[in-house]
Amino acid sequence: MNGGKKRLNGDGEEEDEEDDVNGGKGREAFERTYADERSWESLQEDESGLLRPIDNTSIYHAQYRRRLRSLAATAATSRIQKGLIRYLYVVIDLSRAASERDYRPSRMVVVAKNVESFIREFFDQNPLSHIGLVTIKDGVAECLTELGGSPESHIKALMGKLQCSGEASLQNALDLVHGNLNQIPSYGHREVLILYSALSTCDPGDIMETIQNCKKSKIRCSVIGLSAEMFICKHLCQETGGLYSVAMDESHFKELLLEHAPPPPAIAEFALSNLIRMGFPQLVSESSVAICSCHKETKLGGGYTCPRCKARVCELPTECRICGLTLVSSPHLARSYHHLFPIAPFNDVSSSKQSNSFVKQQKSCFGCQKSLLNPGNKPGLSVTCPKCKKFFCLDCDIYIHESLHNCPGCESFRHS
């Protein structure tokens, strides 16, 4: 009997160990729900000691305004030149470490989802720029897509190659992008953004020499880590003038990733002014048939015609494969304009100013006409433009600075 009891206790201990190994699958359903959702993290204690849900809107807006103020302070304290024509390679770590489940459901899935959002945001912020995708797994770097201006082609290629295996090699990835970016013209800003999940790098040679080659070629390397800080990644960013950061969770990772969407400041000694010859192609009628120079296939209708050599291309912006002319459209140039003259950050309306009679009269947002009053006719959170003095809600503040890039109040005065 004693032996049986010991055996039963031993079996129980083995079951507990299996539960820990399997991520808690042996727990009850309600226990797994709380453990997975971590709902207790979305509560905070108010002044009276009661638990209330966290106001995520205010937290997001506070983070956004801190980032906006830091960018404005950087621009005010130094004379900077923006890199409007960027050539960026996004290096994605698909090694064995990317299958870890500290991010739900895995690091690989979280990275892929946020890279998709980043690609769309990148082309919205940088319509004249190009992106390429590189993956690293099994100690080998593979060029998933060449530099191009089509977000859909990059996203489609990425979603079809989501498999993790082997070790990561930082040196092989840098050698690959260095060889491709070395052919970029001098007016293009060369950048690499590495999303690194591993805690080591399996390299065939001296990675320090590779870092110096990237530095000589004026390639700006930035790294976002998903695990812990690594010396070699920090050294790479310091040598090439990039940014190194480590994500704490999924929302922090998304915030760090989107910080790389606006064009970064150009390095002073490399920021040379150049005149760039560009062509504005015409849209082809739907009934015409021609061979596409991009895919080397016969296509019916659609596409654009190069004004110099009359070759057919599928999308803009791009570089003509026949004559090498940079092909863009006028809206692309217009959308790049706001980076040269950004809107100044709006001022917060503090609680001390809310007692002012003029502030009390501002009952609705000038942008969306939504009420700025909380229940009980108490003034809510709002901001005001430092030039036109119009009041806006928090959502309009974010929309104006990130998407519209024009103040409706200032524009109304200009046209009145």
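The predicted model contains an open sheet of three strands, ordered β17-β20-β21, with antiparallel pairing. Strands β17 (347-348) and β21 (391-392) stand at the edges with a single partner strand each, so one side of each has no neighbour in the sheet. Strands here are DSSP runs of E with at least two residues, helices are runs of H or I with at least four residues, and both are numbered from the N terminus. Two strands count as paired if DSSP finds at least two bridges between them. β17 and β20 (residues 383-384) run antiparallel and are joined by two bridges. N347 has T384 as its bridge partner in β20.

Residue numbers start from 1 along each chain as its sequence is written. The model is predicted: local features need pLDDT of at least 70, side-chain atom pairs count only at pLDDT 80 or more, totals for chains, interfaces and linings use all residues, and side-chain values use heavy atoms, with hydrogens and water left out.

The loop between β20 and β21 holds K389. Its phi is near 65°, a positive value in a residue other than glycine. Most residues other than glycine have a negative phi, and most peptide bonds are trans. At 49% relative accessibility, K389 counts as partly exposed. The classes are buried (under 20% relative accessible area), exposed (over 50%) and partly exposed (in between), with a 1.4 Å probe and protein chains only.

Helix α12 spans residues 394-404. Its buried residues are L394, C396, D397, I398, I400 and H401. H405 follows α12 and has a positive phi, near 60°.

A second open sheet has six strands. Their order is β5-β4-β3-β6-β7-β8, and the pairing is mixed. β5 and β8 (244-246) stand at the edges, each with a single partner strand, so one side of each lacks a neighbour in the sheet. From one strand to the next, the twist averages 15°. Axes are lines fitted to C-alpha atoms, for helices over the stretch in contact, and angles between N-to-C directions run from 0 to 180 degrees.

Within this sheet, β3 and β6 (residues 189-196) run parallel. Seven bridges join them. R86 stands opposite H189 in β6. Two helices are considered next. Helix α5 packs on the sheet and touches β3, β4 and β5. Its direction makes about 160° with that of β5. Helix α8 (residues 231-240) also packs on the sheet, touching β6, β7 (219-225) and β8. The direction of α8 makes about 150° with that of β7. Contact means heavy atoms within 4.5 Å.

The buried residues of α5 (residues 151-159) are H154, I155 and L158. Seen down the helix axis, they fall within an arc of 95°, so they line one face of α5. The arc is that of the directions from the helix axis to the C-beta atoms. The cover over these buried residues includes β3 (86-93), α4 (107-125), β4 (130-137) and β5 (140-148).

β4 and β5 run antiparallel, joined by six bridges. V134 has C143 as its bridge partner in β5. The hairpin of β4 and β5 has two residues between the strands. D138 lies in the loop between them. D138 is not a glycine, yet its phi is positive, about 55°. At 47% relative accessibility, D138 counts as partly exposed.

The loop between β3 and α4 contains P105. A cis peptide bond joins R104 and P105, with omega about -10°. S106 is found in the loop between β3 and α4. At 8% relative accessibility, S106 counts as buried. Not counting residues up to four places away in sequence, S106 touches A98, S99, E100 and R101.

Another cis peptide bond runs from L316 to P317, with omega near -5°. P317 is found in the loop between β14 (312-313) and β15 (318-319).
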